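Let's walk through this model together, starting with the chain as a whole and ending with how its parts pack. Keep the structure open beside the text as you read.

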Amino acid sequence: MPEETTAVDVTAISVRENGSFQQSVECRGIRSTSDFPRDISGLSPEQVEHHYKAMRNSHASLMRSRGQLQRRSREFSEARLNFLNTLKTYEERLVAIGDEKAEAMQMAKEMHHELEAFESKQQALDQLLKDLEVAKEGAGFWSILQITQLIDRMKLLLRGSN
């Protein structure tokens, strides 16, 4: 009978002290389940133990990675909430500043209108005083009538009407 030869990866086999061969299984990192045998009935107890330890190490590594992912996810969520809260605080401050600025602009407009009104009243009062001086220089009935009209206009002006 012809002898069948199988190609064997040398790095995947190790020699035990008693001279038998054992498949070497890396026990670090996350491993695919296809790396482990489906049926352990043909394996020696040492091989079963070796695969069991490799699976445990792989599972432990996976759990560490999962824990790190959960922690980072939680930290990211907290950082995101803090960021959103900070943005909301800034938005509220900007709205408050905008409201104050709008109020200040309204007050400035009102003051400007009041100053314009005061200036126009002041000019009208100055004109009335000049007209009064001119009317005082004249004599007669028309002068008295003109002075009386000027005094009435001055009263109206001082009461607030133009």
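A contact here means heavy atoms within 4.5 Å. With that in mind, among contacts in this chain between residues at least 6 apart in sequence, 49% join residues at least 24 apart. Please remember that you are looking at a predicted model.

The secondary structure comes to 2 helices and 2 strands, and along the sequence they follow the pattern β-β-α-α. Of the 162 residues in the chain, 11% count as buried.

Let's take helix 1, residues 45–137. Its 93 residues should span 138 Å at 1.5 Å a residue, and the end C-alpha atoms are 135 Å apart, which agrees. Which residues of helix 1 are buried? They are Q47, H51, A54, S58, S61, L125, L128, L132 and A135.

Now move on to helix 2, which covers residues 141–159. The same kind of check works here: 19 residues at 1.5 Å a residue should span 27 Å, and the end C-alpha atoms of helix 2 are 27 Å apart, in agreement. Within helix 2, S143, L150, M154 and L157 are buried. Seen down the axis of helix 2, these buried residues fall within an arc of 65 degrees, so they line one face of the helix.

What covers the buried face of helix 2? Two packed helices are described by the angle between their axes and the distance between the axes. For helix 1 and helix 2, the axes come within 9 Å and cross at roughly 165 degrees. Angles over 145 degrees count as roughly antiparallel, and helix 1 and helix 2 are therefore roughly antiparallel to each other. Their crossing is left-handed.

Finally, look at the residues where the two helices meet. From helix 1 come K121, A124, L125, L128, L129, D131, L132, A135 and K136. They meet S143, Q146, I147, L150, R153, M154, L157 and L158 of helix 2. Among these, S143, L150, M154 and L157 are the buried residues of helix 2, while L125, L128, L132 and A135 are among the buried residues of helix 1.

Key
Residues numbered from 1 in each chain as written. Predicted model: local features only at pLDDT ≥ 70, side-chain atom pairs only at ≥ 80, totals over all residues. Heavy atoms only, no water. Helix = DSSP H or I, 4+ residues; strand = E, 2+ residues; numbered from the N terminus. Expected span 1.5 Å × (residues − 1). Buried < 20%, exposed > 50% of the residue type's maximum accessible area, 1.4 Å probe, protein only. Arc of directions from axis to C-beta. Axes fitted to C-alpha atoms, helices over the stretch in contact; angles between N-to-C directions. Parallel < 35°, antiparallel > 145°, perpendicular 65-115°, else oblique. Left-handed = near helix turned anticlockwise from the far one by under 90°.
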